[in-house]
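Subject: Structure for your review

Dear colleague,

Please find the structure below, together with its sequence. My notes on its pockets, its sheet and its helix packing follow.

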Amino acid sequence: MVRVRGFGELEAAIMDRLWNRDPETDTTVREIFDELSAKRRIAYTTVMSTMDNLHGKGWLSRKRDGKAYRYRPTLTREEHSARLMREALSGGGRSEAVLSHFVAQIDAEESADLRAALRRLARKSGRR
């Protein structure tokens, strides 16, 4: 599994599982625990406290369902990635230089995706 930047190992594993679900579906600690425990030795209370911590940090919302909580990510995986990119751009030195280095490292398909996204944004804002 690829570690998700900004999260610890278990936080990343939990967020990955939540992001792979239907974004309109809330998930219990038990459901995440069952998935994780099928692949590694882990305590239910560890998963529960980690999900509670993610809620406290604002990464998960939750609502009461009987005695348990049902959780949902507050951002999509893509929104999280965009936030990280924005933080890197604003904290990485001169924005123009950072963007130049970034563009120099992406492949042709990613470059085409970037151009298409810029065109869509320009159309949305009425600029050409």
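The search for pockets was run on a 1 Å grid over the protein atoms alone: a pocket is an open set of points where a 1.4 Å probe fits, with protein on both sides within 12 Å along at least five of seven lines, and its lining residues have an atom within 4 Å of a point. Grid points are joined across faces, edges and corners, and a volume is the space filled by probe spheres set on the points. The model is predicted, so local features need pLDDT of at least 70 and side-chain atom pairs count only at pLDDT 80 or more, while totals for chains, interfaces and linings use all residues. Residues are numbered from 1 along each chain as its sequence is written, and side-chain values use heavy atoms, with hydrogens and water left out.

The largest pocket has a volume of about 250 Å³. Its lining consists of Met-85, Arg-86, Ala-88, Leu-89, Val-98, Leu-99, Phe-102, Val-103 and Leu-114. Two or more of these residues come from each of helix H4 (77-91) and helix H5 (95-105); helices (H or I, at least four residues) and strands (E, at least two) are DSSP runs numbered from the N terminus. By class, this lining has 8 nonpolar residues, no polar ones and 1 charged. Here Ala, Val, Leu, Ile, Met, Phe, Trp, Tyr, Cys and Pro count as nonpolar, Asp, Glu, Lys and Arg as charged, and the others, Gly among them, as polar.

The second largest pocket holds about 180 Å³ of space. Of its 14 lining residues, Trp-19, Pro-23, Pro-73, Leu-75 and Thr-76 are the closest to its centre. Helix H1 (9-19), strand S3 (68-73) and H4 each give at least two residues to this lining, and H4 supplies the largest share, with 3 residues. The lining of the second largest pocket divides into 5 nonpolar, 3 polar and 6 charged residues.

Sheet

An open sheet is formed by 3 strands in the order S1-S3-S2, with antiparallel pairing; two strands pair if DSSP finds at least two bridges between them. The edge strands, each pairing on one side only, are S1 (27-28) and S2.

S2 (residues 60-65) pairs with S3 over 6 bridges. Within this pairing, Ser-61 stands opposite Arg-72, and Lys-63 has Arg-70 as its bridge partner. The hairpin of S2 and S3 has 2 residues between the strands, and Gly-66 takes a positive phi near 70 degrees there.

S1 and S3 pair over 2 bridges. Thr-27 has Tyr-71 as its bridge partner, and Thr-28 stands opposite Arg-70.

Helix packing

H1 lies across S1, S2 and S3 and runs at about 80 degrees to S3. H3 (residues 44-56) also lies across S1, S2 and S3, running at about 120 degrees to S2. Axes are lines fitted to C-alpha atoms, for helices over the stretch in contact (heavy atoms within 4.5 Å), and angles run from 0 to 180 degrees between N-to-C directions.

How do H1 and H3 cross? Their axes come within 10 Å and cross at roughly 80 degrees. H1 is therefore roughly perpendicular to H3, a term that covers angles of 65 to 115 degrees. On the H1 side, Leu-10, Glu-11, Ile-14 and Met-15 meet Thr-46, Val-47, Thr-50, Met-51 and Leu-54 of H3. The residues of this contact are 6 nonpolar, 2 polar and 1 charged.

Yours sincerely

Technical notes
Parallel < 35°, antiparallel > 145°, perpendicular 65-115°, else oblique.
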